[in-house]
Amino acid sequence: MGLGRRRPETDGDDGGGGGGVGGGDGGGDGYGRNATHGEGTAGGRRRCSKHQGKNATAVRLSTAYCGNRLFGWLVLAAVAGIATVGSAAAGGQPPAVPLPSALASGGAAEVVAAAAGEAATLPPLQTLSTVRPDDDAVDDDGGSKDWPSNVTRLPEMIEVWKHAALPPDARLCRIHGACRVGDGTFLLPAWMKAFHSTVVRCGVASPQYLLKAAADGTYAVDSAYGRRIVLTDAHNGTDLFGVDPPGETMPAIATDLTPVLLLMDVLERMPAHAAQLTRECVVAGGGACDEAEAATVASAGLRPGLVVTSRITMQKDEKWVKGFLRLIRNSFYGSFTVLDAADLYGWKVRGVAACARSVVTTGLTADAMPDGLFPEGHFLYAANQISRAPRRTGAAVAKALAAAARECTVRVMVLNRYGQRYMVGDYALRTAVAAEAAAAEASAPGVSLAAEVVFFENATFHEQVSMMQETNVVVASHGAGVANLLFLRPGSVLVEVMPFGVPASPFATLSRLYDIPRVALTAQPDEDVFRSCVVHFNKDGPATDAVLARWTAAAAAFRAGDVDGSAAVTAGSNGNSTDGGLDWATDPAAAPGTGAAKILQCAGYQRLTFNVKAVAALAVSRGLAHCGVDRPMAVAAPISATTAQGMT
């Protein structure tokens, strides 16, 4: 049997005949789309060629044209005629070639008629066109025409809000009547071109104003686009949030969706933001929106949708990214739709545009957003019963606890990870926290501290959220798991341990936006891991030597300024610390043109070692502040990085 998809209607009685020229009549085990048309398997073709006699030319041609009975008959008939003449001249007998009935009767005109009738039953030949994509947008008289569609026009307007808490040039926008092409281009109604600067400020970088109103109430696309676009309306009741799909990793999707969460909160809790909002709305012709129509649109509520890549939709349901998207869906009581870009556009990424009721977007990025935009009543947290109640500090907290005769428990989490950036001495850190806690409890009655070591690789999404909600201080190895800071209560403290040579972290921005004080700690250089990794990925030569020399000098400078391993503990708050002036993301020794490869990746492989007692004192001091205890850091005798590696 040949390869192909089996279809019962063509694999049964229709394909089981004798050995005709066409693969259909002789393709008993053919898997073609239609056995009658001879689109069979190699088995059918072997029988097809077997019946062409012994003429080698006829056999080769019949094999080539066996897939189409009509062409096979015509070509074989011509070959048979040539063979007959040659055989007659040589005194031989012509080969026995089965012929179509019209040709057997001897009428040339009848052959043409039979061929025309046969061709009329065949599907059109599918070929790659060599014509320019926009040639079908030209009328017979040379004028241009629009491409029609069956997508019904929706209400068209541009709503823009200014928020008092945002920068003056920031805009929150809802553009009604928009179609998104698979490559990220947005097709907008032609009249919106007059407001191009506003559209761009809303975050739509490359709009195309090519949607026109057809006489039948549908959209037509101006052929000036340069290529044929097919409009689809399967999601014309959806409000698309954001312009581009978010990133696929935990830090990336947390960062990319932060502006989207702001948009959702403003539109979902409009009364709570009303005092800070200024709204403008325009329609075709530049006039103000009909408030009655705008009210009707608003009363319909949001039906949010988010376009994502297949790498997200194909992830398992227990993955963090999927869990985070479920939180958003729960916030809208199930009306939130995740749209797979592959399902929306298929393979025609540049030829299909999905039309939506509106696109909700902003030109504001996470790093440009100010603090304080995720209050206690934010829709994402309130709907999922995730607390955003801030953790208070100071004497007022102690007084309130004493008045209520309540004990105060401080929880310190040591968030480690397996593999790269493993935090050496994690259990030693827990022991050091317990020692600090014992001294603190003796001087502060009613206060208790608890510490635990956690690996989120073994925890479900809900377990991760729950543990972060209960934690006062997190000492975490730099990695994707730190994205869970979104679920810490405001005022909780994050101590992020960074590998030497990698000072930049996406969590600096996220911790600021979600009101999480962050302390950046640079770990001791791990020369064994870094050097072996660089040598593994790079050949011996000047580029590799320059990288290792740069590393050695920076590591020596770092150790000279951090004799006891505790100097880097207090560096930075929500910003990034520096470590010997080395940043492999920007260092000239690791630039692309040098020939050195995977240097930043090698820096990320380092084990993380640090002064355990210094970090424990920091964690306890910050945690006790949540109980109203002001305890200055008192670092005991320093523990060297070498000693810390052996403490388990």
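**Notebook: strands, pocket and loops**

I started at strand β4. Three bridges join β4 to strand β5 (residues 207-213), and the two run parallel. I count two strands as paired if DSSP finds at least two bridges between them. Helices (H or I, at least four residues) and strands (E, at least two) are DSSP runs, numbered from the N terminus. Across this pairing, L187 stands opposite Q208 in β5.

The model is predicted: local features need pLDDT of at least 70, side-chain atom pairs count only at pLDDT 80 or more, and totals for chains, interfaces and linings use all residues. Residues are numbered from 1 along each chain as its sequence is written, and side-chain values use heavy atoms, with hydrogens and water left out.

**Other side of β4**

I then looked at strand β3 (residues 172-181). Two bridges join β3 to β4 (residues 186-189), and this pair runs antiparallel. I found R180 bridged to F186 in β4. The two strands make a hairpin with four residues between them. In that turn, G184 has a positive phi of about 100°.

**Whole chain and confidence**

Of the 648 residues in the chain, 47% are buried (buried is under 20% relative accessible area, exposed over 50%, partly exposed in between; 1.4 Å probe, protein chains only). I also checked contacts, meaning heavy atoms within 4.5 Å. Among those between residues at least 6 apart in sequence, 72% join residues at least 24 apart.

Mean pLDDT for the chain is 76, and 71% of the residues score at least 70. pLDDT is the predictor's confidence in each residue, from 0 to 100. Over residues 563-578 it is below 50, yet I see 46 contacts from this stretch beyond near neighbours in sequence. Residues 634-648 are also below 50, with 23 such contacts in the model. Where pLDDT is low, the predicted coordinates should not be read in detail.

**Pocket**

Which residues lie nearest the centre of the largest pocket? I noted M250, W320, F456, Q464 and A480, from a lining of 23 residues. On a 1 Å grid over the protein atoms alone, a pocket is an open set of points where a 1.4 Å probe fits, with protein on both sides within 12 Å along at least five of seven lines; lining residues have an atom within 4 Å of a point. The volume is about 500 Å³, taken as the space filled by probe spheres set on the points, which are joined across faces, edges and corners.

I traced the lining back to its elements. α9 (250-268), α13 (320-331), β13 (408-416) and α18 (461-470) each supply at least two residues. By type, the lining has ten nonpolar, eight polar and five charged residues (Ala, Val, Leu, Ile, Met, Phe, Trp, Tyr, Cys and Pro are nonpolar, Asp, Glu, Lys and Arg charged, and the others, Gly among them, polar).

**Buried loop residues**

I picked L302, in the loop between α11 (291-299) and β10 (304-308). L302 counts as buried because its relative accessible area is 14%. Beyond residues up to four places away in sequence, L302 touches R174, D239, F241, L267, E268, F332, S335 and R357. E268 is 34 residues away along the chain, with 7.5 Å between the two C-alpha atoms.

Next I took P490, in the loop between β15 (473-477) and β16 (493-498). At 9% relative accessibility, P490 is buried. A389 is 101 residues from P490 in sequence and 6.8 Å away, C-alpha to C-alpha.

**Two helix positions**

A508 sits in helix α19 (residues 507-513). I have A508 as buried, at 10% relative accessibility. Its C-alpha lies 9.5 Å from that of E496, twelve residues apart along the chain. V535 lies in helix α20 (residues 527-537). V535 is partly exposed, at 42%. From V535 to L548, 13 residues apart along the chain, I read 9.3 Å between C-alpha atoms.

Is Q385 buried or exposed? Q385 is exposed, since its relative accessibility is 74%. The residue lies in the loop between α15 (379-383) and α16 (395-403). Phi of Q385 is positive, near 55°.

I logged K598 as well, with a positive phi near 60°. K598 is in the loop between α21 (542-561) and α22 (599-604). At 41% relative accessibility, K598 counts as partly exposed.
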